[in-house]
Each structure stands twice: as C-alpha cells, then as structure tokens.
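Colleague: Hi! Could you walk me through this one before class?

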Amino acid sequence: MASGQVSKRVKFKSSVKDPGTPGRLFLTLERLMFKPNSPNSATKLNMEFKFIKNHRYTKEGSNKAPMLNLTSSQGVSYIFEFESYDDLQVCKECVGKALSKTGETPKPVDTSEVPSEQPSTEELLSRMNMLRENRAWKDDGKRVQKPMLLYFLKKSKKVLDISDFFLYELQKLHKRFVRDGILTEAEFWATRKKLLGANSSKKSKQRTGLKSVMLSDTKPSTDGRTNKVTFTLTPEIVREIFAEKPAVHQAYMELVPKKMSERDFWSKYCRAEYLQHAKSANAAAAAEAEAAEDEELALFLKPDNLLAKETKRKIKCVDPTLDLEADEGDDYTHLPDHGIVRDGSKEITESQRQLHIRTLSQELNRHAAVVLQGTPIDEEQLKDTQTVAEALNQSKHGQDTSNEEADMNANQDRLSRISKMMEIDDLQASSDLPLAPLSIKDPRDYFDSQQASALKTSRDTSIGTDPVKRNLSAGESYASLRDSISLIKTTGLVDPIITPEVAVKVLSVLTHNISSTKYDLGKNPGLSVLDTLPNTIKEELLYHWTSLQELLRHYWSSYPITTTYLYTKVSRLKDAMSKIDSQLQELKESVLSDLRHQVTLLIRPMQQALEAAMQHYDAEMQKRSARSAERSNGYT
Amino acid sequence: MPQVRIIAKNFMDMVASLPAMKLDRLYQNAFICEAILRSLPPLAKKYVVQMLFFDGPISGKLLEEWVLADGVTKHKVAIDRLIQLRIFTEAVDKKRESSYKLNQTFQVNLQKHLTNGGVLPREPMASTVRLPSLEELDTYAHEQWEVGSSSLCFHYPSHLHCSGQAEKPTNLSSSMMRIFQRGLLTQRDKDAPRLTEGGFQFLLMDTNAQLWYIIRDYISNSEERGTDPADLISFLLELSFHVTGEAYNMNTLTEIQRNAIKELADLGLVKLQQGRKESWFIPTKLATNLSVSLTDSSSRKQFASSLMILVGMFFMVIVIMHATGHVVVETNFRIYAYSSSKLHCEILRLFSKIEYQLPNLIVGAITKESLYTAFDNGITADQIISFLQQNAHPRVAERLPSVPENVTDQIRLWEADLNRVEMTSSHLYDEFPSRDTFEAACDFAREWNSLLWEDSKKMRLVVKAEIHMNMREFLRGQK
Amino acid sequence: MTSVPSKRYSDDVSLVVVLLDTNPFFWTASSSLSFSQFLSHVLAFVNSILLLNQLNQVVVIATGYNTCDYIYDSSMDASQSSEKGRMPSVYSNLLQKLEEFMIKDEKLGKEQSQRAIASSLLSGSLSMALCYIQRVFRSGPLHPQPRILCLQGSSDGPEQYVAVMNAIFSAQRSMVPIDSCYVGANNSAFLQQASYITGGVYVKPQHLDGLFQYLTTVFATDLHSRSFIRLPRPAGVDFRASCFCHKTTIDMGYICSVCLSIFCKHHKKCSTCGSVFGQAQSDTSSASDHKRKAPET
C-alpha cells in the first residue's frame, strides 16, 4: 500500500455466474493487472484506470461473496471475487483513489480509441460558448454589430435563450455528423476550439459543488423509548448551517471556545431547532420561556438579523429606475418595512400554516442561494467544525469586500446609465452653434434627378413631364369642371358605378398582377424570401444550409491533403456532401410548383458550393492517381 | 383558476344561428345589411366590398391569391363566417374548387346604399315640440343611473360593509331583472341577493364584454316573453341607424316593436315622450351606437359612455361615471378615484383598501391584504389590472403605461405568490426490503395518480396522504 | 384571458385622408376619364369606407391648381340621413364644398402667373393631410389608424420637390402610409416614392372605367388587414441616383454634405447651394474615399 501497489488473490469473472479464473490482481494508481495462476489461461488483463468508468462492490454482511465490479467506459465489466472482505476493502480504497485521480486529470484526447466521448455538461457549455463567440466574431464586417449586441445581451438574462438556441443548433449538427460518423468528435470540436484561444486550453479543474440536498433537514432520531432526541452533526452539515444561517455562524465565532464548549454550543443549537420545529403550542411556549432564561438559546430562536441585513443590501442594489430583473428572484415583501404599509392585522391574520409556508420557501431560497454560491472551502478543511467556521469566515470576508466592490460598480453603472438617459433627453439647452441658412437655388435639380430614374423604370417611353395641352383657357377649364360637379349633383352617381364585366376584368388584372409579383424576390426590403415559404420548408432549408456550411468548412480546411487521415476524412465528407446534394434535389422536387421557383433560387448557391467542392475533389483525385502512377510509393 | 369565460359567443353568432328563412328576411332591410357588414371580420368585409358589383360567382382560389401565407386561417374564418351568415353561397365545381356568390338581396341593398344612401323606415318628426337636447338626454340617463347605483349596495356581500342603502328598484321591468339573477346574482331564500363569482368578474370585465352579456341575454330571453328573436335583432339593428336626439313617431312601429321599445326604454336605449295627440321616442346615444358594439373591435370612449348608462340602468356596478375614466394609480400603490359615487367606492373596495371618502374623491390603497381578499373572491390579477387601465383618468390615460408598471407587476407577483409553493400533505416511504417491492409500490402509487416523488437509488418515495391507507394495505399484501 | 391592455388602435378602424386632384387643366385634357365619372367612383368609394365601419372616418382634401382645402370631414357630418332619399348627404355636402372650392381656386389663379407644368399643389394637400393626422394623434389614446390616399392625375411639379419629399419623410416618421392611385398618363415619381417610402401602395389603373373596383379592392384594405393581405407591389423602384450636372445615372459619385446634391465628378463649388468644397484628395485614393469627400465650409 505504501508503494502504491496492492496485490491480492482473486478470481476473475466475466459475469457473476462465471466460476472465474483464479489469479492475482495487481493494483497501482495508474493501472490494474490480472495474472492468472495457471499460465495456460488466456484470461489476462492489463489496463489503465482511466478506462474504468465506475466500480461497485458487494456490501459486507450480505451473504454474497466479496466481489468488486469494475465497468470500463466501453461498458464491459470485470468482476473480481476476493477471498475476504478485508481484501475487498483494501482494493476498494485503492480503486477509489485511482479513479478519483484519473477523474481529475483531463482526459487525453485520443479519439481513435475513445470513439464515443461524451462531453460533460460543463464542457459542452464551454464549447457552446466557443461556438457563440465564434459566430459572433467571424464573418468579418458583416456582423460588426454582433459583438455589441452580445455585450448587451450578456448583461441581461437573454443570453440564456441565445445559448439555448445555439446549443440546440449545435446539438443538431453534432447529431447529424458525429453520430453518423461523418466527423469525429475531435474534428467536430476542433474547428471551434481554435477560436477559443488560450483560455480554454488551461481551463481550471472542476470544483465540486455543494450538494443540493438540504442536510440540516435530516431529522433528529429518537430511540423511541426515552424522551431523548439525538441530532447527528457532521462537518458537512455544520458547514451548511453556517452558510445558511449567518447568525449561528457569528455566534459560534464569538462563543466557541471562549465562552462555552463546542458541545454545549451545538446542543443549544439543536435544542433551539427542536423547539422551533415542535408543532405543539406548549412547546412553543416552552421555547419562549426557555429563551427568556437563556440568552444564547434566544439567539437561535429569534429571526436572523444578518439575513435581513443582507436582503436589505440587495434591495439597496435595486435600481430606483425600476429594474425589475434585479428584483425578480427575491421576495422582500416579508420584510416588515418594505413596500407599502400593511393595513392593520384585522383583515387577514396570517395563520401559523402560512407562516410556515413562507419560512419554508425562505429556507429553500436561502439554501439554493448557498448552493449556487458554491463552496469556497476545500474538502480537506472539512474536518472539524472549528476550521470550517474559520474558513467560511475568511471566504465570506473576501466575498463581502467583493460584494461591496460589485455594488460600487453597479452604482457606477447606474449613474452612467442615468446620465446617458439624461443626454438622450432633449431637455438640454440647444447648442448654440452658428447656423448657416441653406440656400438652394433651384429644387428642380433634385426632382429631375429623381424623375429621370423613376421614369426609366416605369417602362414609359416618354420622359419627363409633358406639358398639358392647353387647348382650353383656365376659365373654360374651371367652368367645365364645375359643370361636371353640378351634373352629378342633379343626376346622382352613375348607376351602376361599374358594370359587372369591368369589375371582373379589373379584379382579374389585379389578381394577375398580385400573383406575378408574388415571387418577385428581394424587391421589397421588408419581406424576406424565406418568410414567404412554409415553415417546414424554411426550417429544412436552414438546416441544410448550416450543415453544408459545417461540412464545407471541414472540407476545405483539410486541403492540402498530407496524411492518410485527412484523405479518409475528405472522402467521408465528400460522401456526406453528395448525400446533402441529393437531399436538396429531393426537397426541390417535393415542394409545390408555385414555390419551386423560389426554393430553386435559394438552393442554387448551395449547389454551386457543393459543385465546386466536388470538382476540386475530382481534380485532386486525378492528380493523385497520376502522381501515384508516377511514383508507385504513394502514401495511401 | 376560475373560469372567466362568461361570454363566449358574440352577438353575430346569435344572428348566424337564426334559421335561413329568417336570415333572408333580415336582409330585406338595407340597414340590417349594413349593420351585418360592419360586424364582419375585416377580411370578410373586404371580400364583400370588392364583389359588390359582380354578377357571377368568384372562385375561392382567386380570393386566396391575395392572402399571405400567415393569413390563410383568417381567410378561412372570413369565408366561413360569410357562408354562415348566408352572405356567400358556396358552389363546388367538378374539380372540387369552390366558388362564391354574394347573396342577391344583400348585394342589391348594399349597392343601392352606396349610390343612393339609405332610407330609414321612418322620418324624424317635424319638431313641433321642444325636444330634449343631447345634454339633457345624457343627464336623463345619469339620473337613472344614480337610482340604480344607490340600490346597488343592496347586492353586495355583507362583509363589504355596505348596508342601509337598500332601496328596492322601482322602475325596472321584471324581465330585465331576471337576466341578472340568472348569472350574476344568487338569492338564497330570504337573504339579499348576493353577487356570484361570475358577478364579481362581470364587474371588472371590459365594457364591451359587459354589453355583450346583457344584450345576448336580453335577446335569448325574448322567446320566453313571446317575441321572435329575429324581430328583435332586426329592430335593434335598425334602431342603431336613427339619429340621436331626433324624435320618431311611435305610430311607425309595429306592435312587436312597440312592446320592445318599452323595454328598451328601461335599458336607456330610448326615451319615450308623450305629446297631446301622439307619442314618440327619442333614441339616446346608446341606441345609435348599438351597431358599433356588434363588431368585435375594441371598446372606445364614446361607446363606453353609452354602455355606462345601460349598465347603470341595470344597477349593476359598472365601471365608469363619466364618459372618461376616473382612477389614478400612483407608484406608491395609492388609488385616487375622482368620483362621488358610492358605487365606485364599492368597486374599488373589491380589491383595495378605501382610506378616505371626500365629496368628490375616493382615496384608497392597493394592499396585499386587500388583493388577497379579491383573489379569494375569484378575481384575477389581470382583471384588476385591466380594470385600472380601462378606467384610468384621462390625464394618466394619455401616458403609457397608464397604471405604473411597478404596481401592475406587484399585483401579478402577489397573485403568483399565492401559487408559489403548493403544500400537499403526503407520506414518505423508505427502507423497502427489496427493489421489487419498491417498484411495485411505485406502480401502485402511480396507478392512484398520487406518486409525488421517487428516488429509485435510495428506494424512497413520497405519496399523497389520501392514499396512505391503501398504500399500507398494499404493502402489507406485498409481504 | 390575457387581454392586451390599453390597445392604442382598434383593429380595423381607419381614418382615410383622400387627396382629390381637382386640377382643371388635367381634367379637361384627360380623355380616358371624365371628371364626373371620376367623382362618381370616388364618392362611392368614400361611402363604402364609411359603410365598412361605423367608426371609420374619411377626410377629403381637394388638391387644386392654386390652393388646397378640406372639402369633407365625416366626423363633422353628424347626420347620416339622406337628402330625401335621392343622394346621401355625404355626396351632396362634399359636392357643395367642392364647387365652392373650385370657385376659390379659380379666383386665386387669376392673380398668379401660370406655371410651365400644370401640376397641382400636391405638397400643400399632403401637408394638410399630415397636419390633420397629427391632430388626430394628439386627440387621445384612442383614434382610428390613419392613412393617406392620393388620387392624382396631373403630373409632378418639380418646384415642389423639396416640400413633397419633406412631407413624405414626415409621413414616414409618423408611420402614416401614403397610398397612391395615379390616373394620369405617365407614372408619377413623387407618388411612387411616397408610397414606397411610407409603405403604401402605388397603383396606376389600366382600366379607368373600373376605378371603383381598384379603389375598393386595393385601397379599401385597412392597415390591420394589410398584415395578411398581399397588395400590388411595384415591380421595383430604382434608387440609383442621377447626377445633377449631367442627369446620368451613376453608381458612385460626390455628394454635397450640405444640401445632398449629387455630382458625377468633383466640383469646386456646389451648383445647388453654393457651398465651397475643399481640396479633393489624390485621385488614386480608393473608391470608398469618394463618399467621404466633404466640403470644408
């Protein structure tokens, strides 16, 4: 054990029913080996721990044989039957250590041997982040506004939606290419990893978070016979209590060990807890009575001042310009001096039950907040309560200062925002820059330049304004107009206003016009071509588009082909692309005739890109074959 | 959450449900054609107008050509409604393409209306006597309304502390009374009538919806009174084209109409006057706006005023004192209502705490407790908010939002607060002897639809308390 | 039950401001459509708008040769009764006012000299329409959705260019679409642009005897319905500018930063507003520099 190597006599089994091969199991921190007793036996094992995914073992006391079951990442299980539980215990510890060790070190990327590496959620998140960044920054000038946008979005919660969206898209792509073996996991991520820069490569190792189970909820156990109640406190529970109830923490720092012993402190605490949880009324009364006598006990029973203080601090952070987002998660309304004045207690007396609901939800919230804050304490410090308390104190202190800093920053932010708003407001005095009056000699110039282009497009042959033939004098014209007005006045409107034939004709002309301009693409900036398509087709097109982009990126980045690996990759990509090509063709044929034109137009650029890739591939192949003919020792 | 959909159908659904014969007869009247046209969805209106001078059918495909992809459902709705109202007749040809033709009478009537204008069935009487001015007509309605409002408190649940004011309404016909008792009020034995949950919600409904409720019930009740609904509908529609404030001779009315108009006078739609020789009726604003209310368009100011009169007549609490709103809500949750009415005070009391009542001003505050009372009565946060918005004082109504955001959000939050944590009494089972027993127990609980939580690793499950006994039986059986 | 609170406009209630071209020189010259026919169609259209919704409102502004004026406002016209059943009061009122307007227009004309092109005062009536609409906007939170319909026949008046464009831009700013129905011989550049910029519809009817049908099918469509109705769109508006100096269409040119005049080559001085330009940078500079050249006044 000291040397880090353990060796035990075991039987190696491939399944529980298997009688097993007797032999020896050697365990080091890196690998495990099994050597059968009989040299003839084929069952040998020599593998690294990093391929072991988990281990199980039989519990002592059950009437089963002591067995250890190791499962590899491929899902194969190796079962070792030990001679005694002591042996099992020793090996178990060793395996546990080995596994935890390999778990921490980043897995070497050896994709050829680990075909289905499942990215952890954390990894995926960072990968997704990469993707997002990637999308935002690439595409040169066309997307200049994107980083700005992202910057703002990051401030709001919306970033979540966006990341959801990218995650979704990414998942789709991942599914399509990696699952189907067109790209390997490594290849798929490689294009994105590059853009992340140095940061991601030396990503700090993952910290273990707090458990989300509420430990302090663990009930006191009673032995049933006497009235004695036993609370079990582990350092972990203590840490949670400290984190969630700052008042207890403070009290502990003050009292222990100067004024009372650790044991006294905790029994007092537990007593308070017990009294508080006790349902009967006389218990509550008893609690009050006791609290009156014992000031330390009272400490635990009264509402937590520190919490209230913290909540107040949070409220202070709430922007007076009503930033609801900051307020959303917190329920401050239970604080007596927040919000509006309550009217008397007559109207609604909050029953004990409601109080209970409220405190329960408060506790849940508080616990959630602590869990989310994470643990600033290392596992090693989780030994005795004293260190826990101190460590927590330290980290809290750090946090407080950083909190204050954050507050300051937030304040600064707010101020700058307010000042910005002021700027926008045109309440400011007008700047007294000297104004030179615009002297336009003849606005006709403008008109002519517009008219020239407007008339050109309207397929009218006559250009410019043709002066009206003045065959009538002004007076006569006015008179004739007045005549027609009085004509209507006397005879009424033409009846019928239009004949049915004309009506039908006009409507059909208009309808024809409508249907002909229906597919006039891109003329109206407000209407995107895609929007006119039905949703399913639109989505399918977009999906193909993104997939194709992905494939093409991989495809072109593989050139020039220098290794066998790249060669196979390219041929794989080529196959996938030709598949998409045929899918596009199908899509084109499947759409309704009135949409086909548009869809064809949309598909064309994709097909052109595909074609270019194919041609390049064919040319390359020819060159290669020519070359390999020359020098028969090609690298393929 | 209580069902709020008291009003599901609108008036035109009722018209559409009339038998074909009666519908066709309705269309003989040009004004009814006009009113019906106005009630159609926008797209249907467009179809009718653009086909006004067609003599043949038009193919559905041609019409659809004009519709954008996301308007297809609207197109279908429009066509359906037109066919339902028998304005369109559908013909399907061999290629299964449908074409539509306008109802002949409907078409001709509208054409005539366009070229010649409409002709009312009766002319206003030559003004031999002094007719009440428009203001006087409004005051008339206001007076009626005050009578109603004072008797309103009568219907309030006792815990709202309004007593002593109970005057029996005297001038209300029993048929009108019945409309209300049916849905909105409950009367147990000798107790004073109380508002039902529906009644509470009615109070806070938007004004249009309230009118719907009343008109619909009035018409659907007509058969009980021996009147043909079609006649009533036609008369109501016709009435809407009369000129406010002009007098019309009663002799021009049919027997049925004369009966109806008396009831309508009760509603405040018309004012009846008696001369020496003949009697006449004067439509109020309410009557002339009737056809507006038949469309689905959102409520508007001018309409709200007339509605107020109508509803006031029913001494059902409504909404507005003047044509405009009266409520100002401040960011500190304080409410100021410029009103002297006891009625308004009571409405506000539904969800706020009334602090002072000055001669022309009611001051209150929205508090958590007062809102909880409202929520208990089945009023939703949305209803309260929309009430406040609709009745905003003109000064604040100009602003957006008319009710401060922090108040609306807080109201919603308080409502959501009630639903934050749901307590379900339950039992936890653990330490199962074997996985099979555990699985079986889970399945059992699932069958009873009361499995709340399970942890298969540690073999624990939480089950609703109701089936604890059954569960125990079951587990015992398992052993 | 999530009712949208405080809806500013009701769905399909419209305020249509009709600009009626009453230029006598156009109408007497026009052979395809007589003024009385035109009036018949328009009156029927106005009435059908009023028919569609009780709350619809129509305002008619006459665009004359010398002046323009409101000739009808349905909100002033309280009584809907007809004049002894022969003609709706809408028509008689409108015609009465139109006649008065014609007389006024003629009188004013006598004092002024005649213009080279017999254009009507579109800029004036557009401004009046926009003023009216602004008043409606400010009347309160509930008002009908306004749009402008130009019924124009006479050709564009170049001297009104700046005024018309200003009107168009302010319409765009207040989100008022300008529909235009041009019954003249050529297309109207003003109206094409107006409709394009403000998101309205431009139609030049081919069958003028069916004008009413055009009006009802296309221009009676309320703004609410336009979100799901396909309306005639121009085949495309060419936005390439032509230079002021040679009237040739150019893709790239010099723009005066003071008055936005366009020139195909560098000038020392703007011919439109007289601003003096600074020294042009070396001609070898990249194409993007073209636009940056600004006068240094």
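Colleague: What is the mean pLDDT of chain B, and what share of its residues reach 70 or more?

Modeller: Chain B has a mean pLDDT of 71, and 63% of its residues reach 70 or more. pLDDT is the predictor's confidence in each residue, from 0 to 100. This is a predicted model, where local features need pLDDT of at least 70 and side-chain atom pairs count only at pLDDT 80 or more, while totals for chains, interfaces and linings use all residues. Residues are numbered from 1 along each chain as its sequence is written, and chains are lettered from A and ligands numbered from 1 in the order in which they are written.

Colleague: Where in chain B does pLDDT stay under 50?

Modeller: Residues 1-9 of chain B are one such stretch, with 14 contacts beyond four places in sequence in the model. Residues 145-173 of chain B are also below 50. Two residues are in contact if their C-beta atoms, placed from the backbone, lie within 7 Å.

Colleague: OK, strands now. Which strand does S9(B) pair with, and in what sense?

Modeller: S9 (residues 327-329) of chain B pairs with S10(B) in the antiparallel sense, over three bridges. Strands (E, at least two residues) and helices (H or I, at least four) are DSSP runs, numbered from the N terminus, and two strands pair if DSSP finds at least two bridges between them. The two strands form a hairpin with four residues between them, and B:Val327 stands opposite B:Ala337.

Colleague: And what else is S10(B) joined to?

Modeller: Four bridges join S10(B) to S12 (residues 361-365) of chain B, and these two run antiparallel. There, B:Tyr336 stands opposite B:Val363.

Colleague: Which residues are on the covered face of S10(B)?

Modeller: B:Ile335 and B:Ala337 are on the covered face, while B:Arg334 and B:Tyr336 are on the uncovered one.

Colleague: Switching to chain C: how many helices and strands?

Modeller: Chain C has nine helices and twelve strands. Of its 297 residues, 54% count as buried. A residue is buried if 20 or more other C-beta atoms lie within 10 Å of its own, exposed if 12 or fewer, and partly exposed in between, with C-beta atoms placed from the backbone.

Colleague: What covers the buried residues of H4(C)?

Modeller: The cover includes strand S1 (14-21) and helix H5 (161-173) of chain C. Among the buried residues of H4(C) are C:Leu126 and C:Ile133.

Colleague: Last one: why is A:Tyr543 called partly exposed?

Modeller: Because A:Tyr543 has 15 other C-beta atoms within 10 Å. A:Tyr543 lies in helix H20 (residues 535-557) of chain A.
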